[in-house]
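Let's take a friendly look at charged side chains and how they pair up. Have the sequence and the 3D view ready as you read.

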Amino acid sequence: MSTAAIGTARFSCRLLIDTLGRSRGRLPGLENLARELLHGERLEDQQLALHLATLHRLAGLGPELLELARTSPREELALDALRALGASGPEGVETALLELLHSGQGPRMQAGLAEALRDLGRPEAALGLSAKAAELKSGLLNTLALEALGVVPPAGLAGQEKRILGHLKAAWQDRDPWPLRLRCVRALLHLDPGTPEARRQSAQLVQDALVEKRAPGAWSPAELEEVQEAAKELARRAG
């Protein structure tokens, strides 16, 4: 088969996969196909395998995806593997992801691991990420932890008030805080900081952000309105 024909076949395969993904269909032997592509030598094959694993949540590929995330010399490929792990959610993968997340990594890999932990949507992954973010002190990681904690039941957040406020303050003090502050405001609407004092402090941070001088274009008019409405709701909850 010519190179052009192979390229056309790959494009047709991807188009079919995307169509099935939107219709929630599943090709027979899809996991085996993805595994074969993942172990191929061509970068395009590996990228297609990761696309398949993410789109169809192929949890059976967990060990291969984790190994790729650990060892790939290509950062983009490792990040794609992490996205696939976050989407597919193999059982127990949060333990391995938390072990991989440490201060010696570059910021993109740290963020990729944190996003995968958040996207798992599991309380244990969220609480583990929260503990790691508190250690690493990155504004982005603390924002991701706050987003992740929305899946934790209120009972699971008991005693976490100080850490939740710590996540907020780390994001608030980031070098480029406004995008992170917006994400934190959205996250606060989906979790309870716990105590009346924690609710009051978080509501006050949001209120202060509204009167603080912002960089031009930091928030769009629609985003500003969103934060204003959120501030009202958080103030109501704080009593």
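## Charged pairs

Arg236 is exposed, at a relative accessible area of 57% (exposed means over 50%, buried under 20%, and partly exposed in between, with a 1.4 Å probe and protein chains only). This is a predicted model, in which local features need pLDDT of at least 70, side-chain atom pairs count only at pLDDT 80 or more, and totals for chains, interfaces and linings use all residues. Residues are numbered from 1 along each chain as its sequence is written, and side-chain values use heavy atoms, leaving out hydrogens and water.

Which residue forms a salt bridge with Arg236? The partner is Glu233; a salt bridge is a side-chain nitrogen of Lys or Arg within 4 Å of a carboxyl oxygen of Asp or Glu. Both residues sit in helix H13 (residues 221-238), 3 residues apart, about one turn of the helix. Helices here are DSSP runs (H or I, at least four residues), numbered from the N terminus.

Glu233, partly exposed at 24%, also meets Arg237 in a salt bridge. Glu233 and Arg237 are 4 residues apart in helix H13, again about one helical turn. Arg237 is partly exposed, with 34% relative accessibility.

| Salt bridge | N to O distance |
|---|---|
| Arg236 and Glu233 | 2.7 Å |
| Glu233 and Arg237 | 2.9 Å |

Arg199 is partly exposed at 22% relative accessible area, and Asp192 is partly exposed at 34%.

How many salt bridges does the structure hold? There are 17. Elsewhere, a network of salt bridges links Arg118, Asp119, Glu147 and Arg183.

Methods:
Helices (H or I, at least four residues) and strands (E, at least two) are DSSP runs, numbered from the N terminus.
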